[in-house]
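Hello,

Here is the structure we talked about. Please open it next to this note; my findings follow below.

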Amino acid sequence: MRPSSTIPALACAVAACWILAEPGPLARQSDALARIQFDNVSASAGLVFTLDQHPSADKHMVETMAGGLAVFDYDGDGLVDIFFTNGAPLPAMKKQRPAHWNRLFRNTGGLKFVDVTEQAGVQGEGYTTGASAADYDNDGDIDLFVAGVQRNQLLQNVGSGRFRDVTNTAGIKHYTWSVASGWFDYDNDGRLDLFVVNYVDWSPAQNRFCGDRARNLRVYCHPKHYRGLANALFRNRGDGTFEDVSGKSGIAAQIGKGMSVAFADYDADGFQDAFVTNDGVPDFLFHNKRDGTLEEVALLAGVAMPGHGRPVSSMGVDFRDYDNDGRPDLHVTALTGETLPLFKNDNGSFFRDATYASGLGVATVRFSGWGNALVDLDNDGFKDLVTANSHANDRIEEFESATYRQTNAVFRNVAGKFTDVSAQAGPDFAVARANRGLGVGDFDNDGRMDLVVSVLGDRPLLLRNVGQSGAWLTLRLVGQSSNRDGIGAVVRIGDQTDQMTSSVGYASSSLHGVHVGLGGATTAPTVEIAWPSGIRQVIADMPLNATTTVQEPARQR
């Protein structure tokens, strides 16, 4: 790998500087299947942690939904670190000893990690399920929001490897059960706002019996047995506090059973929109109306449910352009028999169910997916798909022809068509586990994207990408008029488009910059960036096979 570099800012004050490139050679590829392959380096990496969901005979719903994680560089040393959420004993839901703590592992290089949980002050409270990372206070240090049952935490990174709990002083509320969260600048004021994904009105005291009493067969309840909740939106005031705008923004008007959230500007109007997966009820697409309100349009946009017209058990989501047509698409994970749906953004206003046309229908129908990510694993110029799989019900095999523990899966993208290459991806992809959260990051800085997966009742998987690789580049964006992380910035290279985001998969977060595979490219490409502030930036001769920091240019007066 080449060393990281910093590109001087080049400002374009007028829209004419935003070059819409025609499809070019950077994203062309052969139909021959390149090798996507991973080595399991979990044992040697030092990730000494067991995700304890505290399974019980009472089948508390939360037990099956643990496992969110966050991938981010918490100490700014250029190496991507990993945070894991963890459960707590039920019904008390208190972290009574270190085995119940959430965990933060610092990347020390060479795929080695050290547990810094206690030093960093991120042990956590209660039963936690989700995590999202971003620099909400624009101080250059990445902060963390942790979602859980009856207790949420906003952890401000104060530098020197330490976090402090500012939940109450920031004005963040607690909910019956927040599964996940995400950061986006919904009003384009240069400050990141917080979207909290809420599930159902459940507590250990409300836990119902579901199953077959005659056979003494108790299972985790379907969400239909509990009342759904509204999601929440907190506007960042820029002074360390947040305003609850759930009501006036329109978010609170929609009652769902939320699992995860992802963001993208699907209609290219310059404002980020939000997609929320719901468990067993129609999903939400919140269109940003650019006036401080968001309108739920999922049914009209064709993404409330798959083409067959029935809601599915939607869990994880990624919101990216999989077919290089310049528009962000949606991939969602769901349960066995429901496929893992893919929605193609046709024209910036309507999505088409492309699950079967893309090859994912037949390939995914046997899987129950949780974490997912659209990421170029072989650097050929198209984003591949990886999913972390397992059924939600640990007794499913007693009454259905489905399996609880499942293998993870990798689907290689060849010009918008997916092929299951899991059998070639390494022996670990033949081992069935209760997989949940999925994180993506280049943990060894070699230009190939690696994976981390949380597993119920087991240690996490750290999978090093050792497959064939084309040319690549990674951009680390630094906003000035925009938020510091550049979240919401749209990057175009040739016919590839991606956006800066940290919301990926199920209840998880991956903040690693914008990674782009360039296939057989040998010449330095031109990069075009549309910042959330409205500034357009064009950079020629971007270094190949390197991680480059790009600063947003100052706005010209």
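What is the torsion about the S-S bond of C210 and C221, and which hand does the disulfide have? The torsion is about 100 degrees, so the disulfide is right-handed. Keep in mind that this is a predicted model.

More on that bond. C210 and C221 are joined with an S to S distance of 2.0 Å. The pair links distant parts of the chain, 11 residues apart. C210 sits in the loop between β13 (193-198) and β14 (211-212). C221 sits in the loop between β15 (217-218) and β16 (229-230). Both cysteines, C210 and C221, are buried. A search of the whole structure finds one disulfide.

Next, the sheet. Four strands make up an open sheet, ordered β12-β13-β17-β18, with antiparallel pairing. At the edges are β12 (178-184) and β18 (242-244), each of which pairs on one side only. Neighbouring strands are turned by 25 degrees against each other on average, direction ignored. Inside this sheet, β13 and β17 (residues 232-236) pair over three bridges, in the antiparallel sense. V196 stands opposite A232 of β17.

S246 belongs to helix α4 (residues 246-249). Is S246 buried or exposed? S246 has a relative accessible area of 5%. The cut-off for buried is under 20%, so S246 counts as buried. Leaving aside neighbours within four places in sequence, S246 is in contact with N231, A232, L233, I251 and A252.

Best regards

Definitions and conventions. Residues numbered from 1 in each chain as written. Predicted model: local features only at pLDDT ≥ 70, side-chain atom pairs only at ≥ 80, totals over all residues. Heavy atoms only, no water. Helix = DSSP H or I, 4+ residues; strand = E, 2+ residues; numbered from the N terminus. Buried < 20%, exposed > 50% of the residue type's maximum accessible area, 1.4 Å probe, protein only. Contact = heavy atoms within 4.5 Å. Disulfide = S-S within 2.5 Å. Pairing = 2+ DSSP bridges. Axes fitted to C-alpha atoms, helices over the stretch in contact; angles between N-to-C directions.
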